[in-house]
Amino acid sequence: AIAAHMLSRAPAASGPEAAVHRTVMPVLGMGFVAALAAAGGFISLSYEIYLFRTISFASGSSSLAFAITLGSFLIGIAVGAQRAGQICETRSARDAMASAAMDLVWANGFAAAFLPLMTQLAANVVAMLVVAVIATYLIARQWGALLPYLSQFGIAVDARAGQRTALLYFSNIIGCAAGAVLTGFVLTDHFGLKQMAVLLLVAG
């Protein structure tokens, strides 16, 4: 999604200046957006583990919970990334930043409503699973928009764009790995679902 987005940002050239590419300066520093990418990866993977644990506990089936969580999460990330790329192409940097901030606000809102809804619908398995699919998709869609936004804000369209994009991806992968290990093997052993929900809301 980032590669396609970066290609779409490349300015079109024509005439004798066809070989000259204009440098588009980013609005945020590369170090800052790399740190945000790592933090976003950590939080999003932690959310995926939290959602899986909650759905597994509510449904009584870890295999069903895994399928619901993984499928809904991946679709949500893809849709969120595509939407963010379109926003970055058609809106100003200030509007894109506002959209990025609102996406995170909505992500926290959906996450805050998730556990109470699952608790209320525990007696109705079908309704609970439907809500689980929708909530997981919505949370993932908001977090999936983060990387395209960060590439827009922190990567200049110049000869080093590919290197910076790789660094952004690497930072996100490090954050995802740290989230999977720390949340999956440490935090979930010491905190319940309510405590995990509060920690993720604070972090987000």
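Student: Which class does Val130 fall into, and why?

Tutor: Buried means under 20% relative accessible area, exposed over 50%, and partly exposed in between (1.4 Å probe, protein chains only). Val130 counts as partly exposed because its relative accessibility is 44%. This is a predicted model, in which local features need pLDDT of at least 70 and side-chain atom pairs count only at pLDDT 80 or more, while totals for chains, interfaces and linings use all residues. Residues are numbered from 1 along each chain as its sequence is written, and side-chain values use heavy atoms, with hydrogens and water left out.

Student: Where does Val130 lie?

Tutor: Helices (H or I, at least four residues) and strands (E, at least two) are DSSP runs, numbered from the N terminus. Val130 lies in helix 5, residues 125–144. The protein chain has eight helices and zero strands.

Student: Which residues make a nonpolar surface patch?

Tutor: A patch is made of residues with over 30% relative accessible area and no salt bridge; like charges are joined within 9 Å, nonpolar side chains (Val, Leu, Ile, Met, Phe, Trp, Tyr) within 5 Å. A salt bridge is a side-chain nitrogen of Lys or Arg within 4 Å of a carboxyl oxygen of Asp or Glu. Here Val126, Val130, Val133 and Ile134 make a patch of about 330 Å², with areas from the Shrake-Rupley method, a 1.4 Å probe and, for residues, only the protein chains shown as cover.

Student: Which residues of helix 5 are buried, and what covers them?

Tutor: In soluble globular proteins, nonpolar side chains tend to be buried together. The buried residues of helix 5 include Met128, Leu129, Val131, Ala132 and Trp143. Their cover, counted by contact (heavy atoms within 4.5 Å), includes helix 2, helix 3, helix 4 and helix 6.

Student: Which residues have the most contacts inside the largest nonpolar core?

Tutor: A nonpolar core is a set of buried Ala, Val, Leu, Ile, Met, Phe, Trp, Tyr and Cys residues joined through side-chain atoms within 4.5 Å. The largest has 32 residues, and those with the most contacts inside it are Tyr47, Tyr50, Ile55, Phe114, Trp143 and Leu168. Helix 2 gives the most to this core, with eight residues.

Student: What does Trp143 touch?

Tutor: Leaving out residues up to four places away in sequence, Trp143 touches Gly40, Ile43, Ser44, Tyr47, Leu104, Ala107 and Gly204. A second, separate core of eight residues includes Ile87, Ala145, Tyr149 and Phe153.
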